[in-house]
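Me: I'd like to learn how to read a structure like this one, feature by feature. Could you walk me through it?

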Amino acid sequence: MSRTALIENVTAMLEDAGFLVSDRCAVRPKSFDVATRRDEDLLLLKILGNVDALDAATGAEMRRLGEYLEATPMVIGIRTRDEELKPGVVYFRHGVPVINPDTAYELFIEGMPPLIYAAPGGLYVSLDGDLLADEREERGWSLGRLATELGVSRRTVSKYEDGMNASIEVAIQLEELFDEPFSSPVDVLEGADDVRDADPTPSAPDADPDDEHVVHVLTSAGFTVHPTARAPFKAVSEDEDDPVMRLLTGHSAFTAAAEKRARIMSSIGEVAHTRSVYFTEESEDRESVDGTAIVSCEEIDDVNDPELIRELIRDRAEAPSEA
């Protein structure tokens with residue numbers, strides 16, 4: 001299956017599941033293919049045939065964008081270079097959770113989250129340690145008795161009951177011994193933080209030197225500007241005084257390619273509940289493109305009052321639907 005067909009299939013499945021899906025980010029650079037939302041769950045999705053194509057820089061950018069936009073970065077893919085991705089298993093690439101289309105269908109359509117995750121050494125599950133301890137004590141088994149049944153140490157059983165995750169083989173043994181499932185679902189919609197190594201999100205890149213003037217103006221107007229490196233926009237800008245005023249920010253000469261980027265920013269903003277603004281090097285006849293504000297650098301150079309810059313953006317940028 002071609003990547004284009006895979007993306008179309010996944011987006012159709014998401015729409016069937018009640019998600020609002022943005023236009024495809026058909027520009028470069030792009031760290032994700034679509035933004036999609038259902039209720040409070042906002043996802044930034046990369047859809048790949050071979051998930052090994054996700055490099056470290058793109059994974060870092062997806063994780064940063066997840067923090068800026070309060071979203072879950074996620075990859076849906078079919079295989080690695082060596083094997084097909086197994087259904088019902090959550091994998092990780094550069095800190096981003098990865099699932100295959102069957103797992104996505106079960107999660108989004110059928111409401112069945114995966115129970116298994118892959119980590120160095122094999123496949124694992126999260127155990128409900130309290131339930132395990134209750135079942136063991138109800139049977140009158142000591143830690144040593146259960147350890148013998150499982151072929152592990154007493155200390156290991158104690159760790160399982162304290163919340164340590166177990167191999168899938170141990171989980172199967174426990175289910176057979178007690179006729180009771182002890183596995184807890186992997187919360188993929190929260191980034192699978194419950195099973196992922198909690199490594200810190202990589203630092204943001206420096207702003208492009210060509211964008212320093214725009215960054216200075218926005219910072220002076222009370223925005224915190226988070227530069228991006230591989231997104232379809234140059235930065236995510238947050239209003240320090242107005243949490244609703246979050247901006248996808250672009251900047252360049254306003255070419256046909258820039259207009260296309262502005263339309264994509266608007267579509268992403270509709271899903272992510274943000275405004276978007278594109279700063280141009282020259283004056284434009286239009287004040288917006290599909291809800292993305294168009295503001296020339298010449299205009300902002302003539303404004304000394306930071307609040308007037310904020311009002312200018314508010315007036316031209318379409319407000320988020322849930323603002």
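Me: How many positive and negative side chains does the protein chain have, and how far apart do the centres of the two sets lie?

Reply: First, the ground rules. This is a predicted model, where local features need pLDDT of at least 70 and side-chain atom pairs count only at pLDDT 80 or more, while totals for chains, interfaces and linings use all residues. Residues are numbered from 1 along each chain as its sequence is written, and side-chain values use heavy atoms, with hydrogens and water left out. For charge, Lys and Arg count as positive and Asp and Glu as negative, with His and the chain ends not counted; the place of a charge is NZ of Lys, CZ of Arg, CG of Asp or CD of Glu. Here the protein chain carries 31 positive and 67 negative side chains, and the two centres lie 6 Å apart.

Me: Which residues gather in a patch of negative charge on the surface?

Reply: A patch takes residues with over 30% relative accessible area and no salt bridge; like charges are joined within 9 Å, and nonpolar side chains (Val, Leu, Ile, Met, Phe, Trp, Tyr) within 5 Å. In this structure the negative patch brings together Asp206, Asp208, Asp210, Glu212, Glu281 and Glu282. Glu282 sits in the loop between strand S14 (275–280) and strand S15 (288–289). Those labels are DSSP runs numbered from the N terminus: helices are H or I with at least four residues, strands are E with at least two.

Me: How much of the protein chain counts as buried?

Reply: Buried means under 20% relative accessible area, exposed means over 50%, and partly exposed is in between (1.4 Å probe, protein chains only). Of the 323 residues, 50% count as buried. The chain has 11 helices and 16 strands, and its C-alpha trace spans about 80 × 40 × 30 Å along the principal axes.

Me: Now salt bridges. How many turn up in the whole structure?

Reply: The general idea is that side chains of opposite charge can pair when their charged atoms come close. The cut-off is a side-chain nitrogen of Lys or Arg within 4 Å of a carboxyl oxygen of Asp or Glu. A search of the whole structure finds 22. Start with Arg145 and Glu149, which meet at 3.2 Å, N to O. They are four residues apart in helix H5 (residues 143–150), so about one helical turn separates them. Arg145 is partly exposed at 39% relative accessibility, and Glu149 is partly exposed at 33%.

Me: Which salt bridge links distant parts of the chain?

Reply: One of them is Lys234 with Asp211, at 3.0 Å, N to O. Lys234 is in the loop between strand S11 (223–227) and strand S12 (235–239), Asp211 is in the loop between strand S10 (183–184) and helix H8 (212–220), and the two are 23 residues apart. Asp211 is buried at 6%, whereas Lys234 is partly exposed at 30%.

Another pair is Asp239 and Arg314, with the closest N and O atoms 4.0 Å apart. Asp239 lies in strand S12 and Arg314 in helix H11 (residues 306–316), so this pair ties together parts that are 75 residues apart in sequence. Asp239 is buried at 5%, and Arg314 is partly exposed at 25%. Salt bridges with shared partners join Asp239, Glu307, Arg310 and Arg314 into one network.

Me: What does Leu123 touch?

Reply: Contact means heavy atoms within 4.5 Å. Leaving out residues up to four places away in sequence, Leu123 touches Lys86, Val89, Ile116, Tyr117, Ala118, Ala166, Ser167 and Ile168. Leu123 is placed in strand S8 (residues 122–127) and is partly exposed at 23%. Leu123 and Val89 are 34 residues apart in sequence and 8.1 Å apart in space, C-alpha to C-alpha.

Me: Last one, the backbone. Which peptide bond is cis, and what is the phi of His94?

Reply: Most residues other than glycine have a negative phi, and most peptide bonds are trans. The bond from Arg28 to Pro29 is cis, with omega near 0 degrees; Pro29 lies in the loop between strand S1 (20–21) and strand S2 (34–38). His94 has a positive phi of about 55 degrees although it is not a glycine, and sits in the loop between strand S5 (89–93) and strand S6 (96–99). For His273, phi is near 60 degrees, also a positive value in a residue other than glycine.

Key
Accessible areas come from the Shrake-Rupley method with a 1.4 Å probe; for residues, only the protein chains shown count as cover.
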